[in-house]
Amino acid sequence: MTSIPPESTTTGLVIRIDARRCHVEIEGEVHLLVPRGRLFEDRRSVKNPIAVGDRVRVLLDAEAGGTIDEVLPRRNKLARSSAGEGTREQIMVANLDQVLVVASIAEPAFRSQMVDRIVAGAEREGLLVRIVLNKVDLEQDLTGATTGGVLPSEHWANFYESLGYTCLRASATTGVGIEALRERLCDHLTVLCGMSGVGKSSLLNAIDPELKLRVGLVSVRGRREGRHTTTHTSLSRLSGGGHVVDTPGVRNFGLFGLDPREVAELFVEMRPFLGTCNFDDCSHTHEPKCPIRAAVEDNAIAGSRYDAYKELLAEAKAGHL
Ligand SMILES: Nc1nc2c(ncn2[C@@H]2O[C@H](COP(=O)(O)OP(=O)(O)OP(=O)(O)O)[C@@H](O)[C@H]2O)c(=O)[nH]1
Ligand SMILES: [Mg+2]
Ligand SMILES: [Zn+2]
């Protein structure tokens, strides 16, 4: 084996991954590089050993172009369970500063459970989370008796703010909230995550038209179920500063390898009660005199959040059997 002189190694940033080829930014230039086979040796638990946002050590070779030799240690990551058979950990993005959970208030309809699951995934890594409620231009259709005259986006924004999460109301179409969003993205590496069709790519294009990301041509109503417009996770630099990562829509955000005892900690409003239950291993579902259950009864903990908790708990338990 020939030894490689040190001057031929450098580091780069992974900005996109296509079937086994990585787009790596090195000193402002994008290189298409192949990872070393041994990086894929242990794929039993991790689906993708290299993720967008990873810093990698690259061996430059004048003839072959270059190879990725090593993934440098990650500061953090946003991960989920991979879809399909043989669930593994799928790392969505590595080395990020904040997670922007994007939901739409209509088309597709708002689903608090999806927001809560992504928020839980971010809390698991101690990541900063912000929420964007997009498509507020569509919500005049929704006012009425059921919401007591309060717009749904106002209701949910107040709710998540009360939990401590910054929540912005926006419209990629009319431009509402875009300036505020741009300010929040400046100088950070932010990943946008949410269901398909909520407008992640549209919001990014509104923030920086230079990005020219592909957006769905037809509204979700006219779209066939299961079609994603964004097919690859990609990292881009914003002209106003900061980096953003656009991701394909998630259908199901599962938390890989979650310990059932870990679940309650992912819900900020449950944390003050932890350690005060009658049983050390209280699951907060059926045990008598459980303060978390009491808080749910008193509406101090919202039913929607408790439902999300129970769902994640059931999945965590199933994974541990
Ligand atoms: N009325 C309205 N439509 C919007 C808004 N934002 C996006 N859309 C539309 O919603 C559809 C989906 O937008 P995309 O930006 O492709 O959604 P996405 O979240 O990136 O979807 P995936 O890439 O599949 O995950 C498109 O037809 C957009 O034009 C908005 O604020 N208001
Ligand atoms: Mg998209
Ligand atoms: Zn309890």
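**Ground rules.** I number residues from 1 along each chain as its sequence is written, with chains lettered from A and ligands numbered from 1 in the order in which they are written. Since the model is predicted, local features need pLDDT of at least 70 and side-chain atom pairs count only at pLDDT 80 or more, while totals for chains, interfaces and linings use all residues; side-chain values use heavy atoms, with hydrogens and water left out.

**Entry 1, the chain as a whole.** I began with the secondary structure and found 6 helices and 13 strands. Helices (H or I, at least four residues) and strands (E, at least two) are DSSP runs, numbered from the N terminus. Next I looked up burial: 48% of the 321 residues count as buried. Here buried means under 20% relative accessible area, exposed over 50%, and partly exposed in between (1.4 Å probe, protein chains only). The chain exposes about 16300 Å², and carbon and sulfur atoms supply 49% of that area. Those areas come from the Shrake-Rupley method with a 1.4 Å probe, and for residues only the protein chains shown count as cover. I also checked contacts (heavy atoms within 4.5 Å). Among those between residues at least 6 apart in sequence, 63% join residues at least 24 apart.

**Entry 2, the magnesium ion.** Which residues coordinate the magnesium ion (ligand 2)? I found Ser201 through OG and Thr230 through OG1, at 2.0 to 2.1 Å. Ser201 sits in helix 4 (residues 200–207) and Thr230 in the loop between helix 4 and strand 12 (234–237), so the pair ties together parts 29 residues apart in sequence. Both Ser201 and Thr230 are buried. A note to myself: donors are N, O and S atoms within 2.8 Å of the metal (3.2 Å for Na, K and Ca), and water is not among the atoms, so sites may look incomplete.

For the zinc ion (ligand 3), I listed Cys277 (SG), Cys282 (SG), His284 (ND1) and Cys290 (SG) as protein donors, lying 2.1 to 2.4 Å from the ion. Along the chain they follow the spacing C-x4-C-x1-H-x5-C. What is the geometry of the site? The site is tetrahedral, with angles of 101 to 116° among its 4 donor atoms. Four donors count as tetrahedral if all angles lie between 85 and 135 degrees.

I found 18 salt bridges in the structure, each a side-chain nitrogen of Lys or Arg within 4 Å of a carboxyl oxygen of Asp or Glu.

- Arg117 and Glu311 pair at 2.6 Å, N to O. Arg117 lies in helix 1 (residues 112–124) and Glu311 in helix 6 (residues 303–320), so the pair ties together parts 194 residues apart in sequence. Arg117 is buried at 3%, whereas Glu311 is partly exposed at 35%.
- Glu139 and Arg169 have their closest N and O atoms 3.9 Å apart. Glu139 is in the loop between strand 9 (128–134) and helix 2 (152–162), and Arg169 is in strand 10 (residues 166–169), 30 residues apart. Glu139 is buried at 3%, and Arg169 is partly exposed at 32%.
- Asp18 and Arg16 meet at 3.1 Å, N to O. Asp18 is partly exposed at 22%, as is Arg16 at 28%.
- Arg36, Arg57, Asp69 and Glu70 are linked in a network of salt bridges.

Note on methods
Four donors count as tetrahedral if all angles lie between 85 and 135 degrees; four count as square planar and six as octahedral if opposite donors are over 155 degrees apart and all others between 65 and 115; anything else is irregular.
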